[in-house]
Amino acid sequence: MPPRLFLTGATGYIGGSVFAALARNHPEYDLTVLLRKPPANFNIQFPSVKVIQGSFDDSSTIAEAAASADIVIHSGDGDHENALHSIINGLLRRDSKSYLIKLSGTGTLYEYPDTTAYLGRSNPKIYSDIDDIKELVSRPDNALHRRTDAIVLKAAAEHGHHLKTAIVCPPDIYGRGHGPGRRVSYYMPWFMEAIRKHGKPFYLQDGSNIRGWVHISDLVQIYMSLVEAAVAGGESVSWGREGYFLAASQEASQRDIAEAISKILFAKGEISSADARSISNEEMVSLFPDAPDTGFFSFGCNSRSKADRAAKELGYVPKAPLFWDVLESDLMDAIAVTK
């Protein structure tokens, strides 16, 4: 019997790219996806994929689909607690071993709001998913993604003999996706909208805060390796508490990003000068008056990490073009989707 997989987020940027890679590279897999509204040509493009229509609030539907799957890849809204509980409840109904691969993100590593000391400034701390695993799996309760990560870790601790879990924790992601839905990253359109509001690219304080980055194709590589390991019995990979996979392949400061984008936008005639601008904490709040934390999270925090476990256990070697190599094309995509 072929392995049965249930996927959420199959029309999203990350989940769609993972789904498309699985469908393309493993036609022998039995794939089922949860979609609120399938794209018009979805059944033509993926005729062998089963579609379950529903939302993340459809607890019984999700639990039933999970109960029928050997492996669940939850790449939809990673912070939706109801959907996650439903997936786990469904997997625990099974008599045989099952796997859950859940999307998180390195926003959980932000120093803010616990401290403002590093807003717009570099923090030397770089997290390793091997050396710092204890710290990674015990983030403060107010950390981004912590609530749902904790749900997965608790389920793994209580049912680890039966339920094998992995948390995939990517940094900011760049590159064009290749799924059936969204193909543009989140950071660049978000920054482009803020640039239009402010008038030019910007950075907070001295802009030396550093974030990790990974190309969507390299992130998909980690997912593919985890799924293939699970299909093979899972013995070669850590699961549960140690099954925490960072994915960063490179780093960049917000100032370097803003200055590079300024040059591109000026050359394209989108802005009147090629200079980026430093803004204060107060100016950041004024840019995002309804949710000021989002500005600090997106453009003022550090989020530094190393994909040590993926390299060690999955043979992960990033192969995609570097962030700077595709910055202009990503920016053009962002301009197109935000006009």
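The model is predicted. The chain has 339 residues, and its radius of gyration of 20 Å agrees with the value near 20 Å for a compact globule of that length. Its secondary structure comes to 13 helices and 14 strands. The largest pocket has a volume of about 960 Å³, and the largest cavity has a volume of about 60 Å³.

**Overall form**

- Of the 339 residues in the chain, 57% count as buried.
- The chain exposes about 14200 Å², and carbon and sulfur atoms supply 49% of that area.
- Among contacts in the chain with a separation of 6 or more, 80% are between residues 24 or more positions apart.

**The largest pocket**

- The largest pocket, with a volume of about 960 Å³, is lined by 33 residues, of which Ile14, His145, Asp172, Tyr186 and Tyr187 are the closest to its centre.
- The elements that give two or more residues to this lining are helix H1 (13–25), strand E8 (172–174), helix H7 (187–198) and helix H11 (292–299).
- H7 provides the largest share of the lining, with four residues.
- By class, the lining of the largest pocket consists of 13 nonpolar, 15 polar and five charged residues.

**The cavity**

- Rolling a probe the size of a water molecule over the atoms shows where empty space is left.
- A search of the whole structure finds one cavity of 30 Å³ or more.
- The largest cavity has a volume of about 60 Å³, and its lining is formed by Gly107, Thr108, Tyr110, Glu111, Tyr112, Pro113, Asp114, Asn142, Ala143, Leu144 and Phe297.
- The lining of the largest cavity divides into six nonpolar, three polar and two charged residues.

- Leu219 lies in helix H8 (residues 216–231).
- Leu219 has a relative accessible area of 0% and is therefore buried, the cut-off being under 20%.
- Apart from neighbours within four places in sequence, Leu219 is in contact with Ile14, Val168, Pro170, Ile173, Val214 and Ala247.
- One of these contacts, Ile14, is also among the residues closest to the centre of the largest pocket.
- Leu219 and Gln254 are 35 residues apart in sequence, and their C-alpha atoms are 21 Å apart in space.

- Pro170 is found in the loop between strand E7 (163–169) and E8.
- Pro170 counts as buried because its relative accessibility is 5%, which falls under the cut-off of 20%.
- Apart from neighbours within four places in sequence, Pro170 is in contact with Leu103, Ser104, Gly105, Thr106, Val214, Leu219 and Ala247.
- Val214 and Ala247 are among the contacts of Pro170 and also among those of Leu219.
- Pro170 and Leu246 are 76 residues apart in sequence but 5.7 Å apart in space, C-alpha to C-alpha.

**Helix H11**

- The buried residues of H11 are Gly295, Phe296, Phe297, Ser298 and Phe299.
- The cover over these buried residues includes H7, strand E9 (202–204), strand E10 (210–215), helix H9 (254–267) and helix H10 (281–287).
- Phe297 is one of the buried residues of H11 and one of the residues that line the largest cavity.
- H11 is also one of the elements that give two or more residues to the lining of the largest pocket.

Methods: Residues are numbered from 1 along each chain as its sequence is written. This is a predicted model: local features need pLDDT of at least 70, side-chain atom pairs count only at pLDDT 80 or more; totals for chains, interfaces and linings use all residues. Side-chain values use heavy atoms; hydrogens and water are left out. On a 1 Å grid over the protein atoms alone, a cavity is a set of points where a 1.4 Å probe fits but cannot get out, and a pocket is an open set with protein on both sides within 12 Å along at least five of seven lines; lining residues have an atom within 4 Å of a point. Grid points are joined across faces, edges and corners, and a volume is the space filled by probe spheres set on the points. Ala, Val, Leu, Ile, Met, Phe, Trp, Tyr, Cys and Pro count as nonpolar, Asp, Glu, Lys and Arg as charged, and the others, Gly among them, as polar. The radius of gyration is taken over C-alpha atoms; the globule rule is 2.2 Å times the number of residues to the power 0.38. Buried means under 20% relative accessible area, exposed over 50%, partly exposed in between (1.4 Å probe, protein chains only). Contact means heavy atoms within 4.5 Å. Accessible areas come from the Shrake-Rupley method with a 1.4 Å probe; for residues, only the protein chains shown count as cover.
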